[in-house]
Every structure is written in C-alpha cells, then in structure tokens.
Amino acid sequence: MATVLAIETSCDETAVAIVNNRKVCSNIVASQIPVHRQYGGVVPEVASRQHVETINDCVAEALQEAQMDWAEIDGIAATCAPGLVGALLVGLTAAKTLAIVHQKPFVGVHHLEGHIYASYLSEPDLQPPFLCLLVSGGHTSFIYVKDCGVYQTLGETRDDAAGEAFDKVARLLNLGYPGGPVIDKLAREGDARAFPLPEGNVGLPGGGYHPYDSSFSGLKTAVLRLVQKLQQQGGEGLPVRDIAASFQESVARSLTKRAIACSCDYNLSTITVGGGVAANSGLRAHLQAAGANRNLRVLFPPLKFCTDNAAMIGCAASDHLSRGHTSPLTLGVQSRLAITDVMQLYQASV
Ligand code: KG4
Ligand code: ZN
C-alpha cells in the first residue's frame, strides 16, 4: 500500500498527515478556531491567509513526527473539493508544488470521502458495504458506501447542515463559536425533555414524511421562537442548559431515526459516522442504543478523526493511489462537488 503525505485546508484547520493505508505515521493539525472566534464564525479570507502562513511548518512537522524523508513518500495528496475556494487553493497548490519538486504522483481528494475514510483509521477490518452518516459544519448526508470512490447518497438535509444548526443555535444563545462543543457540554447538565422541539421532518407532497431527508432550519427557528417566548416571560435568565439539551436531543433523534431507516431499508449492518458532529455525546448515545437494539454495528471514529484532519484525507488517497488513481496537475478546486462524482478527480495512471 502507498505511503501518502496529505494536506487538508478546506476550512479552518491547516492539517498535514503521513498515512500508509490505515496506519497514521503522523498527524499535524493547526487549528484556526481562536482566530475566527472573535468574528463569530469562519472568515474565508482570514482562513486563506492563515493557511499560507502555517502550511510549510505543518509539512515539516509531519515529516519530522513520522521520522521520514521524501524518499519514503509515494504520493502527495490534498483536499480539492468541496470547501472554501481560497482555503482549498492553498493546500492544493502546496501539494502540487511538492509533487512536482519531489517527482511524486498527485492525488486530489474529496473532503467528504475523507470523512468516510476516517472510520477506517481505527477499524482495520472495516470493509464496504456500509452506511456512513456524515455530519459536519457544511453537510448532513446518509451515504451508502459501496467501494472506494463508489457512493450513493440516500438522504441529506434540505437546508442547514447539522453542525451549522449547532453553530446558529449557539450564536442565538450567545455561546460563541464553534457551537457544537459548548452545546454538547451544557446539554449534559440540562433536561432534554424540558422543551419539545421539532425533529426536522420533510413533508412529502402526497402526505407523510421523507424517510431519509431532514431539515434543520425549522428546528433552529423553533429554538429562536422559544428563546423569544422565554425572554418575554421574564424570569431569572434563560434556562440555557435545558434549551441546549432539548435542541441536542432533537438533532440526535432526527439523525438516529434516519440512519436506522437507511440501514434497515438497504440491508446495511454497519453504520459509521463522520464529521465534526460525530463528536456529539447525545448523537453517540442515541445511535449506539438504537443500533444495539437492532443488532447493527455502529462505529464512531476517535474524536481527533471526527473533526477536520489530514489523516482521513491521506487514508482515502492511499487507497486511490494503490488502485492506480492519480489526478492531473491541472486539477482545480471546486467549492461544491457531489460525493457521487468523486471519480471525476482521477485518471488511470500510466
Ligand atoms: O467536520 P468539521 O470539523 O468541519 C467541516 O467539515 O464542517 O465539523 C465542524 C462542525 C461545527 O459545526 C461544530 O460546531 C461541529 O462540527 N461540532 C460539534 C461537536 N464538535 C464539533 N457538534 C456537536 N457536538 C460536538 N461535540
Ligand atoms: Zn469536514
């Protein structure tokens, strides 16, 4: 299997890792969260500049931590889609330059395929087919994983992503950025049954609900109305812990219900979870319990592989490279690209 040096700069982490198949030789993540926190969210231009300033040090650190030199690297990879265009450009340009200078093959990687591959890093025996619930700041998708590069999207959000809902609700509760970890923490001390909130159902024209698609913008609005109502009633300040717990409960229930429906309907006995929201304790508890009830295997990656990192990108790239999939040096970045179109990034190697 191929040893790959991989770069991830699609959003607000500058990350470089060296990976051989499912073995992580080094994993460097320079988070920009403290920089963006003062603005209440990621500022794309600031993210690009930070990546430029940090990327070279991260590459050097990754080689040093792995105790490797360029001769031991078989290919260079970078996330090329989807994500912030300016941020993606920094990592992609660095990777292409390293590939030219060190005469290595170059592999572009789809960010969501990386999140799917995060589950392989801690599960040496995991093989497709399985269902991957992908829940990040930008995506909420139920993906039928058939093989390397072969995916079917069974369901997705019609509006806000799950992580985006956490971030927006945190903002309206004045909890800062990013919202997921702080809501998760407060929810542990709150009553999840304090306020019944909608579970993000998507109605169908003929009646009933879509079995796999969800909508989180209605849930966010319901929290806003609840907050306004509680503020009008006055009292001793907002019951922030109970609101956080009730909101988290709704998201966890919504995602669990749909993941179980997908896995049962498509006969998939393993469910993996990827993306930042996979770190959520409420989702972990709900999905583990529902999976155990139905004899399904439910796998959550360790927290460091849930949020953005380059080890997951390296794992995907190592698999593609070992199958002879490389990308042309003319490959550009794309802010959007469906996971079903991943193979557009590759050409058969000569
Ligand atoms: O996958 P990720 O690191 O970046 C994207 O590709 O978007 O996900 C970031 C998202 C943010 O919205 C953040 O609030 C959320 O993941 N997140 C969480 C938790 N930790 C991070 N959401 C809920 N609970 C958490 N513990
Ligand atoms: Zn991500």
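Tutor: Happy to! One term to begin with: a residue is buried under 20% relative accessible area, exposed over 50% and partly exposed in between, using a 1.4 Å probe and protein chains only. This is a predicted model, so local features need pLDDT of at least 70 and side-chain atom pairs count only at pLDDT 80 or more, while totals for chains, interfaces and linings use all residues. Residues are numbered from 1 along each chain as its sequence is written, chains are lettered from A and ligands numbered from 1 in the order written, and side-chain values use heavy atoms, without hydrogens and water.

Student: Okay, is Asn295 buried or exposed?

Tutor: Asn295 is exposed, because its relative accessible area is 74%. Asn295 lies in the loop between helix H9 (281–293) and strand S10 (297–299). Helices (H or I, at least four residues) and strands (E, at least two) are DSSP runs, numbered from the N terminus.

Student: And what about Ser136, buried or exposed?

Tutor: Ser136 is buried, since its relative accessible area is 9%. Ser136 also sits in a loop, the one between strand S6 (130–135) and strand S7 (140–147).

Student: Switching topic: which residues come nearest to ligand 1?

Tutor: Of the 20 residues around ligand 1, those are Gly137, Asp167, Gly180, Asp184 and Gly276. Here a residue is near if one of its heavy atoms lies within 4 Å of the molecule.

Student: Which polar backbone atom is 2.8 Å from an oxygen atom of ligand 1?

Tutor: That one belongs to Gly137. On the side-chain side, an N or O atom of Asn280 is 3.0 Å from a nitrogen atom of ligand 1. A polar contact is a pair of N or O atoms within 3.5 Å; within protein, one must be able to donate a hydrogen and the other to accept it, and residues adjacent in sequence count only if both atoms are side-chain atoms.

Student: Which helices supply the shell around ligand 1?

Tutor: Helix H4 (111–122), helix H5 (162–172) and helix H6 (179–187) each give at least two residues. The largest share, 4 residues, comes from H6.

Student: Last one: how many residues of helix H8 are buried?

Tutor: 19 of its 26, so H8 is mostly covered. Helix H8 covers residues 240–265 and reaches 38 Å from its first C-alpha to its last, close to the 38 Å expected; that expected span is 1.5 Å times one less than the number of residues. Just after H8, Asn267 takes a positive phi of about 60°.
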